[in-house]
Amino acid sequence: MREGNPVTVRREDYAAPAYWIDTVDLSFDLDPVKTRVLNKMRLRRNPDVPAQALRLDGEELNLARVMLNGAGCSFKLDGETLVLENLPEGNEPFELEIFTTCAPEKNTQLMGLYVSEGTFFTQCEAEGFRRITYFLDRPDVMASYAVTLRADKTKFPVLLSNGNLVEEGELSDGRHFAKWVDPHKKPCYLFALVAGSLVSRNQRITTRSGKEHLLQIYVRPGDLEKTEHAMNALIHSVIWDEARFGLPLDLERFMIVATSDFNMGAMENKGLNIFNTKYVLGSPATATDVDFSNIESVVGHEYFHNWTGNRVTCRDWFQLSLKEGLTVFRDQEFSMDMCAEPSARAVKRIEDVRVLRTAQFPEDAGPMAHAIRPDTYVEISNFYSVTIYEKGAEVIRMVQTLVGRDGFAQGLKLYFERHDGQAVTCDDFIQAMADANPTSELARQLPQFKRWYSQAGTPVVHAQAAYDAAQRSYSLTLSQSCAPTPGQIQKEPYLIPVTLGLVDATGAAIPLQLGSDSPALGSNHTLVLNETHQTFTFVNVETEPVPSILRGFSAPVVLDIELSDAQLLTLLAHDSDAFNRWEAGQRLALRLALTAVRAEGAPPAQPLSDAYLDAMRTVLRHPQLDAAFKELVLTLPSETYIAEQLDVVDPQRIHAVRETMREQLAEALHGDWEWAFDAHKNNGAYQPDATSAGRRALAGLSLTMLCLAARENGSPVWPGKALQHFKDAGNMTDRFNALLALVSSGQPLAQDALARFHALFKGDALVIDKWFALQAGAPDRGGNILPAVRQLMKHADFQMKNPNRARSVIFSYCNANPGAFHRNDAAGYVFWSERVIELDAFNPQVAARLARALDRWKKLAEPYRTAARESIARVAAKPNLSNDVREVITRSLA
Ligand code: 0A1
Ligand code: ZN
């Protein structure tokens, strides 16, 4: 384990490798206790770099032998680095043979080669390959791989690696072998092998070019019928990437393998994607609509990496967003294009923005804030972040907004023409986009746009409007600022695309025109804000308009605008932009929440206004709006999002206020919720499409509201109905929503339902994860959740070493249940520090994610703040922390 040697890596220190590795021939004798790895490589000096020793990365390897061109040679170990000083001079290639062993069964970090439920898996991104063999473990070293796997045939009948199977056969002693050759050069982080007892769903497809491909999904026997949705998603991904971007599948065989022990979501290894089971397995009986939609987007994401990530990869890990931001953007677009209804696209956009604002904005305002292309890191695993991924995707989306959809496709085409087969930088990407669109604002103001890559923090755009009735003009002054972030005090202005429209009091769109000699702009236009202050004057505006600014969330900024309740109600009722329509409702609710949180004394009993409640009723009963959109509008802003608006945060008070608001909404709209539940509850045979999912979501929210109201008025009717609905449910979404309704409203019947749920799904790990998560994430009533969480950890099904299970209990409590986690007696923080330390001893990546739960401690009110700092200090005082946790904790206390 890497510990005690925290070195800061700097982007500016990048140097090309001193050697290239052209070919790698790996042989594995797979044994869980001791696996033997023979690595034969052909290397040559990089003529562009001064002559120097060869330094190969290694970690937790046992070195048995090193041979140079077939003979013994001198070498030394510098820490864990293998150093060869006396290599042949000149530029002739030479052959190195390295023989090592490792212990997959003992690999609890799940990096490198490990065993999960008796099957071998690898995870090499970012720096896991060095745990398999000595190597130049960096993404700019790309080699051709041939891999031979040998293992016991009974225990490991399936042997997989990247590329094509070229040979297989029997060996003595009940062992067998398979040899795989990957026709594509790749960096070692894309290497993978799998060996175990698995079965596969197979699908042959013919793509546009007429080429045949074999698509396969490998799972444990018994899980095969849960792979249909993932296979459909894969087929759709192949078709979509070819249709939208002209990017074909470049492999004869494309495989996905699922494992239940995985640190992240999935991994795009060339031709052999390895997935967390959570993002592969889904049947109507066991997976919710959210699971189905996640499966589709993660399958898409990993598949799209085949071009954006694999064909063109990153020069170094500072460029991570080159592949991740771009690929998240692509998977978001894919999911939107998979929606039949245009309104479902808007729903997806709202959901994505909600993630950005509840997870990325806090990161950008906290101690771990970093630019999408950071300048330094200690442990790269800590930078697989919402900033690199989600904000990275927003930056790509702004590029598309600035160059247009066709211009973006042209830019991507040029990017591949220039860089196919290379390891490149974010600068290379954006240059291709600009060069393909030379007259665009992007090309004209490229250096300024690039500040999105170098500056951390969320910009605030302040909007001020003035209507001049006499001149019939409307001027909008936009100004921007960005708060300091660690290591970046001063920020330069960004280039911000601000898409807007103007709406009159009846909701009609006002035609846009900037200056009387200027062309008509239609009713929707993107302004480019590139200075600290800028005024835009619209002419021929007959009546005072309501501004609808930042439509579609055209930039990842905070829009600071003073809109009256009446103006927000107009937008909520009429805006043609669905995102801003939703946003208007959120702003109304947020305003009421903040007023109640800031009020003196006990929180008000009825924080919601009649106007707000009437507007919500109108949305809920609206004949044209679809159910998914209604569910989003009727869901109050999260506690985390409310907290982000405040300088001093009292999580208990925020929780209390939001719960009161929910109860008020539940009671005031009681008849409407009853109508909504009845109107949306029956959907016939399960289909995972967005429209049906939206109906189930709205029925689920209605049921929760009805159970909440029942708690207030003591009526047993709706809890009884919820329990019945739970029992009768024909799919997991309905069943889980009924259970959630009972649990989140604190109904006594919840206990019965929870017990039945466990009995019904015993042995189905992903469903049992939900069972744990629901209880650990339940609203706190009198401090009952922490004891419940400690009890859950004693449950026979609890396994700390399985990341999904650990997350389902511990993260659901510490990261996703602020009202229960932030306790007056500091017990939540003590629990957190114990778990960070406990996890760090065997899985630093998972521990470091948990360590982020107290990122925002400096904003907490007393007594939380002092107690949080003490708990963080307790973790910091622990010797032998991993670099992963050490980096998070050090930055948190800085
Ligand atoms: N590249 C993957 C994410 C990933 C990163 C690190 C991992 O190590 C445990 C695993 C997966 C993706 O973006 O999907
Ligand atoms: Zn990715």
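Reader: What is Val528 in contact with, leaving aside its neighbours within four places in sequence?
Author: Val528 is in contact with Glu441, Leu495 and Pro497. Keep in mind that this is a predicted model.

Reader: Which strand does Val528 lie in?
Author: Val528 belongs to β30, residues 525-529.

Reader: Where does Val528 sit relative to Lys185?
Author: Their C-alpha atoms are separated by 41 Å. Along the chain, Val528 and Lys185 are 343 residues apart.

Reader: How many other C-beta atoms lie within 10 Å of Val528?
Author: There are 19, so Val528 counts as partly exposed. The cut-off for buried is 20 or more.

Reader: Now Arg835. Which helix is it in?
Author: Arg835 lies in α25.

Reader: And why is Arg835 classed as buried?
Author: Because 24 other C-beta atoms lie within 10 Å of Arg835.

Reader: What does Arg835 contact, apart from neighbours within four places in sequence?
Author: Ile810 and Leu850. Leu850 is also one of the buried residues of α26.

Reader: How about Arg835 and Glu105, what separates them?
Author: They are 730 residues apart along the chain, and their C-alpha atoms are separated by 23 Å.

Reader: Stay with α26. How many of its residues are buried?
Author: 8 of the 8, so α26 (residues 844-851) is largely enclosed by the rest of the structure. The list is Pro844, Gln845, Val846, Ala847, Ala848, Arg849, Leu850 and Ala851.

Reader: What covers them?
Author: The cover includes α23 (803-814), α25 (827-840) and α28 (883-893).

Reader: Which domain does UniProt place at residues 565-894?
Author: The UniProt record gives "domain: Peptidase M1 alanyl aminopeptidase C-terminal" there, in an unreviewed entry.

Reader: What is the helix and strand content of residues 565-894?
Author: The span is 69% helix and 0% strand. The end C-alpha atoms of residues 565-894 lie 41 Å apart.

Reader: On to the ligand. Which residues are around ligand 1?
Author: The shell consists of Gln123, Glu125, Asn263, Met264, Gly265, Ala266, Met267, Glu268, His301, Glu302, Glu324 and Tyr384. By class, that shell has 4 nonpolar, 4 polar and 4 charged residues.

Reader: Which elements supply at least two residues of that shell each?
Author: β21 (266-267) and α2 (289-304).

Reader: Where is β21 in its sheet?
Author: The order is β18-β19-β20-β22-β21, an open sheet of 5 strands with mixed pairing. β21 is an edge strand, as is β18 (199-206), and each pairs on one side only.

Reader: Do β20 and β22 run parallel or antiparallel, and how many bridges join them?
Author: Parallel, with 5 bridges between β20 (residues 253-259) and β22 (residues 272-276). In that pair, Met255 stands opposite Leu272.

Reader: Back to Glu125. Is its peptide bond with Ala126 cis or trans?
Author: Cis, with omega about -5°. Ala126 is found in the loop between β11 (119-123) and β12 (142-152).

Reader: What about the peptide bond from Glu862 to Pro863, cis or trans?
Author: Also a cis bond, with omega near 5°. Pro863 is placed in the loop between α26 and α27 (864-876).

Reader: Is the phi of Phe553 positive or negative?
Author: Positive, near 55°, in a residue other than glycine. Phe553 lies in the loop between β32 (546-549) and β33. With 22 C-beta neighbours inside 10 Å, Phe553 counts as buried.

Reader: And Ala826, what is its phi?
Author: About 70°, a positive value although Ala826 is not a glycine. Ala826 lies in the loop between α24 (818-821) and α25. It has 18 C-beta neighbours inside 10 Å, so it counts as partly exposed.

Reader: You mentioned β33. What sheet order is it part of?
Author: The order is β31-β27-β26-β33, an open sheet of 4 strands with mixed pairing. β31 (533-538) and β33 (558-561) each have a single partner strand, so one side of each is left without a neighbour in the sheet. The twist averages 25° from one strand to the next.

Reader: How many bridges join β26 to β27?
Author: 9, between residues 460-468 and residues 473-481, and the two strands run antiparallel. His462 stands opposite Ser479 in β27.

How values were computed:
Residues are numbered from 1 along each chain as its sequence is written. Chains are lettered from A and ligands numbered from 1 in the order in which they are written. This is a predicted model: local features need pLDDT of at least 70, side-chain atom pairs count only at pLDDT 80 or more; totals for chains, interfaces and linings use all residues. Two strands pair if DSSP finds at least two bridges between them. Axes are lines fitted to C-alpha atoms, for helices over the stretch in contact, and angles run from 0 to 180 degrees between N-to-C directions. A residue is near a molecule or strand if its C-beta atom, placed from the backbone, lies within 6 Å of it. Ala, Val, Leu, Ile, Met, Phe, Trp, Tyr, Cys and Pro count as nonpolar, Asp, Glu, Lys and Arg as charged, and the others, Gly among them, as polar. A residue is buried if 20 or more other C-beta atoms lie within 10 Å of its own, exposed if 12 or fewer, and partly exposed in between; C-beta atoms are placed from the backbone. Two residues are in contact if their C-beta atoms, placed from the backbone, lie within 7 Å. UniProt positions are given in the numbering used here, feature names are shortened, and annotations may be inferred rather than shown by experiment.
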